[in-house]
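Hi everyone, thanks for coming. Please have a look at the sequence and the structure on the screen, and I'll talk you through a few places in them.

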Amino acid sequence: MSRQVDMFVIGAGPAGLCAALRLQQLGYRVMLIERSAVWPRAQIGEALTPGVKNIIAFLDANDAMEHVPHLTRLPTRLSWRSKTVETVAHADAAVVDRAAFDAALLQLAKARGIEVHQPAALDSITGGAGAWQLAFSTPGATHLVKARMILDAQGRQGKPAQQLLSAPRLSAMWVEIAENHIPADMAHVTQVEALAHGWLWGTRLPDRRYRVMLLSDPATSRQLHAGEPESWLRSQCAASTLFADVAQQQFSSSLQMCSATPYVALNSWQDGRIKLGDAAFALDPISSSGVEKAMRFSLQAALAVHTFCQADNPAQQTLAHEFYQQRLLETCARHHFWTTAYYRQAWCSEQPFWRSRSISSLASSSLASAASNPESRLMTDALQLEMDRLENYREPVLQAGPGIQGDQMIRFHPAVEIVPLPCAMADKVKLLPAMRHPHLERPLAFWENEAVLPRLEILSQQTRLASARDLLGQTMGLQKAQRLLTWLWQRGLLEVVSH
Ligand SMILES: Cc1cc2nc3c(=O)[nH]c(=O)nc-3n(C[C@H](O)[C@H](O)[C@H](O)COP(=O)(O)OP(=O)(O)OC[C@H]3O[C@@H](n4cnc5c(N)ncnc54)[C@H](O)[C@@H]3O)c2cc1C
């Protein structure tokens, strides 16, 4: 007999677990399967950006994560802009035991009543939108489940026909060094170094091993060290400043490799089958923000799913879908934009590896596939538009001077437009009015957590500054109202009307 759930989540990485926990909080019956029989299972992606902490707090998971082994305050020795080594403090970043991190979240999911099956192999998916049927096997049993929605959080997937590569191919290879062999000057630091053919990253792990990872173009390693990836890694360490001691070092693990090419999945929300985390997009690991972005996007997707399920008309369902799509595009385009700028800063930015990663257009293979595949073309155009918008945006020069006075007449600058924007409000996606202006990087619906419209609509007509401030002050306090008006004026979003 088949069971009925609302949400069926595939994969117990940070993305799947985050969505499962959030949707369970929102009142849905959630089932999750994880294929890994070894658990906790090893996983790369241990360097976590500070935002992960906020997400854990938001999920009310602080207590559950308390015992996850982690290291904080590891300074980074960086050789990037020049061959000179600089030391950078990263007070809020952490290196965690990823196996324990994911296991603690999974334990929490079980404790909160999410039905988890592990190890489980997905056998088939049939049915369609709103009425999916899934068959999966666990040791000695087969299961049939009906689900309203499927959340695919299977992680990095190698399905080229369903992906758009957002940058040239990148491969990662790594080894570990046992504690007693870690060179003394590396023992308590993270290290990142740009080299002509790629970059090296190394860090101490919470279990005291040291991991060294090389990111390079797979074609270059094949060309220069065909069939000998370890000798490629050692040669790159020998060519470096920070990792030179590693070149002859004894490794405690065999060499491991994986693709690290950034991509965006096509059709990631179709008929109530929704991709999350690395199943939806994979980022260049240079930012060490994959886990945070995967979790954040899962929270946004959960909100979209909730809005979709609660919608009482097709327009609300479309809005939920649009919100998901916009967050996906924005996350990928912003990351791509940041990454290209970071690659451009490297001392070796004229080398082919760096040049090809410093341009803000999409990988040439994606542009080629866009020509023949309509889905690919839609995504390519949308991503390129978002990237061009970021590329063309210039921070405004703030207006200086004494500012505007209480008795002056003010109104919106003529270039201010009011546009509808899908926004997260409490548990749902809502269409809110937002301000658009060339001096804003993107439409602004909230300022310091306050919805700015319709409150600011008084500025569509000329009004005395003091009156505008008093009116706004009724809902946000006078001081905040004054700061908001000054903020708008400094950016040229307000004009003074002269008589
Ligand atoms: C080389 C490299 C280095 C990186 N370094 C960092 C870093 O330092 N910091 C950082 O934040 N990010 C880093 N990342 C990115 C980070 O690893 C990912 O963004 C993150 O793990 C994504 O989480 P996820 O939940 O989407 O996928 P995953 O963590 O991959 O989890 C997917 C889960 O789904 C399970 N699964 C897969 N298929 C099935 C199936 N059919 N049925 C059931 N279960 C299934 C898998 O077993 C797995 O447990 C790195 C990535 C790479 C490639």
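Let's start at one residue, L205. Buried or exposed, what would you say for L205? Its relative accessible area is 3%, and the cut-off for buried is under 20%, so L205 counts as buried. Before I go further, please keep in mind that this is a predicted model.

So where along the chain are we? L205 sits in the loop between β15, residues 198-204, and β16, residues 210-216. And which residues does L205 touch, if we leave aside its neighbours within four places in sequence? The contacts are E46, L71, V95, E176 and R211. Here is a distance to go with that: L205 and L59 are 146 residues apart in sequence, and their C-alpha atoms are 25 Å apart in space.

Now let's move to another buried residue, M7. M7 belongs to strand β1, which covers residues 3-10. Its relative accessibility is 0%, so M7 counts as buried. Not counting residues up to four places away in sequence, M7 touches L23, Y28, R29, V30, M31, M149, L151, V305 and C309. There is a distance for M7 as well: W132 is 125 residues away in sequence, yet 10.0 Å away in space, C-alpha to C-alpha.

Let's zoom out to the whole chain. How many helices and strands does the chain have? There are 13 helices and 28 strands. The radius of gyration is 25 Å, close to the 23 Å that the globule rule gives for 499 residues, so the chain is as compact as a globular protein of that length. Along the principal axes, the C-alpha atoms fill a box of roughly 80 × 65 × 50 Å.

What about the inside and the outside? Of the 499 residues in the chain, 50% are buried. The accessible surface is about 22900 Å², and carbon and sulfur atoms hold 51% of that. Now think of contacts between residues with a separation of 6 or more: 68% of those in the chain join residues 24 or more positions apart.

Next come the aromatic rings. The count for this model is 14 aromatic pairs. One of them is W269 with Y324: the ring centres are 5.2 Å apart and the planes stand at 75°, so this pair is edge-to-face. Where do the two partners sit? W269 is in strand β19, residues 269-270, and Y324 is in helix α8, residues 314-344, so the pair ties together parts that are 55 residues apart in sequence. W269 counts as buried at 7% relative accessibility, and Y324 counts as buried at 0%.

Another edge-to-face pair is Y343 with F353, with 6.2 Å centre to centre and 80° between the planes. Y343 lies in helix α8 and F353 in helix α9, residues 352-355, so this pair ties together parts that are 10 residues apart in sequence. Both Y343 and F353 are buried. They also belong to an aromatic cluster, whose members are W80, W199, W338, Y342, Y343, F353 and W354.

Let me finish with the backbone. Most residues other than glycine have a negative phi, and most peptide bonds are trans. P119 is in the loop between β8, residues 115-117, and β9, residues 121-128.

Then there are positive phi values. S288 is not a glycine, and its phi is near 50°. You'll find S288 in the loop between β21, residues 281-282, and α7, residues 290-310, and at 27% relative accessibility S288 counts as partly exposed. A426 is not a glycine either, and its phi is about 55°. A426 sits in the loop between β23, residues 417-425, and β24, residues 428-436. At 72% relative accessibility, A426 counts as exposed.

Terms used:
Residues are numbered from 1 along each chain as its sequence is written. This is a predicted model: local features need pLDDT of at least 70, side-chain atom pairs count only at pLDDT 80 or more; totals for chains, interfaces and linings use all residues. Side-chain values use heavy atoms; hydrogens and water are left out. Helices (H or I, at least four residues) and strands (E, at least two) are DSSP runs, numbered from the N terminus. The radius of gyration is taken over C-alpha atoms; the globule rule is 2.2 Å times the number of residues to the power 0.38. Buried means under 20% relative accessible area, exposed over 50%, partly exposed in between (1.4 Å probe, protein chains only). Contact means heavy atoms within 4.5 Å. Accessible areas come from the Shrake-Rupley method with a 1.4 Å probe; for residues, only the protein chains shown count as cover. Rings of Phe, Tyr and Trp (its six-membered ring) pair if their centres lie within 6.5 Å; planes under 30 degrees apart count as stacked, over 60 as edge-to-face and the rest as tilted.
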